[in-house]
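User: I have a new structure to go through and would like a quick tour. Can we take it topic by topic?

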Amino acid sequence: MIVRQLQEAEKSDRRIVSEGWESTRLLLKADNMGFSFHITTIYEGANLNLHYQNHLESVYCMSGEGEVETVEDGKVYPITPGTIYILDKNDKHILRAKKEMKMACVFNPPLHGKEVHNAEGAYELDAEEVSDK
């Protein structure tokens, strides 16, 4: 059994901070579950151009307010607490936070831990692992 506390993970190298967002990675590839699980904060005013070419992602909004736009068709979907959106086709999208959003995110394949977005808004398949030591 794996048991972790978010508050403890936020004080470790499981917390990754980048421009417009931060993510605490609670479950990673090394945990051998076949997916990774993160609590991600999207900062108020963030406007993130993302395209997860190597991963599928499900995102559940726990708090805050924003929107996600699919680039291909320009559709805009509001995000409020209780909203889930699923990037099941490696969708190129724009994520905007009107108020700081706290999100629960699941990635398949799982992340290693140290990933940040590349120039295309994607995570690479190979990245540095988080060490719990």
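User: To start, what share of the 133 residues of the chain counts as buried?

Analyst: This is a predicted model. In it, 41% of the 133 residues count as buried.

User: And what radius of gyration does the chain have, against what a compact globule would have?

Analyst: The chain has 14 Å, which agrees with the value near 14 Å for a compact globule with 133 residues. Along the principal axes, the C-alpha atoms fill a box of roughly 45 × 25 × 25 Å.

User: How much accessible surface is there?

Analyst: About 7500 Å² for the chain, and 50% of that belongs to carbon and sulfur atoms.

User: Which elements is the chain built from?

Analyst: One helix and eight strands. From the N terminus on, the order is α-β-β-β-β-β-β-β-β.

User: Which strands pair with β8?

Analyst: Strand β8 covers residues 92-108, and β3 (residues 36-42) pairs with β8 in the antiparallel sense over seven bridges. Strand β4, residues 47-51, also runs antiparallel to β8, with five bridges joining the two. Then there is β5, which pairs with β8 over 13 bridges, again in the antiparallel sense.

User: Which residues sit across from each other there?

Analyst: Phe37 has Val106 in β8 as its bridge partner. For Asn47 the partner in β8 is Arg96. Glu65 stands opposite Lys99 in β8.

User: What share of the contacts joins residues at least 24 apart?

Analyst: 62%, counted among contacts between residues at least 6 apart in sequence.

User: Switching to charges. How many salt bridges are there in the whole structure?

Analyst: A search finds eight. One of them joins the side chains of Lys114 and Asp13, at 3.6 Å from N to O. That pair links distant parts of the chain, 101 residues apart: Lys114 is in the segment after β8, and Asp13 is in the loop between α1 (6-9) and β1 (15-18).

User: Which residue does Glu22 meet in a salt bridge?

Analyst: Arg15, with 3.0 Å from N to O. Glu22 is buried because its relative accessible area is 13%, under the 20% cut-off. Arg15 counts as partly exposed at 36%.

User: What about Lys89, which residue does it form a salt bridge with?

Analyst: Asp88, where the closest N and O atoms are 3.2 Å apart. Lys89 counts as exposed at 61% relative accessibility, while Asp88 is partly exposed at 44%.

User: Which residues are linked in a network of salt bridges?

Analyst: Glu67, Glu69, Arg96 and Lys98.

User: Last topic: which residues make the nonpolar surface patch?

Analyst: Tyr60, Met62, Ile84 and Ile86 make a patch of about 370 Å². The elements that give two or more residues to that patch are β5 (56-70) and β7 (84-87).

User: Where does Ile86 lie, and what is its relative accessible area?

Analyst: Ile86 lies in strand β7. Its relative accessible area is 45%, so Ile86 is partly exposed.

Definitions and conventions:
Residues numbered from 1 in each chain as written. Predicted model: local features only at pLDDT ≥ 70, side-chain atom pairs only at ≥ 80, totals over all residues. Heavy atoms only, no water. Patch = residues over 30% accessible without salt bridge, like charges linked within 9 Å, V, L, I, M, F, W, Y side chains within 5 Å. Areas by Shrake-Rupley, 256 points an atom, 1.4 Å probe, with all protein chains shown as cover. Salt bridge = Lys/Arg side-chain N within 4 Å of Asp/Glu carboxyl O. Helix = DSSP H or I, 4+ residues; strand = E, 2+ residues; numbered from the N terminus. Buried < 20%, exposed > 50% of the residue type's maximum accessible area, 1.4 Å probe, protein only. Rg over C-alpha atoms; globule rule 2.2 N^0.38 Å. Contact = heavy atoms within 4.5 Å. Pairing = 2+ DSSP bridges.
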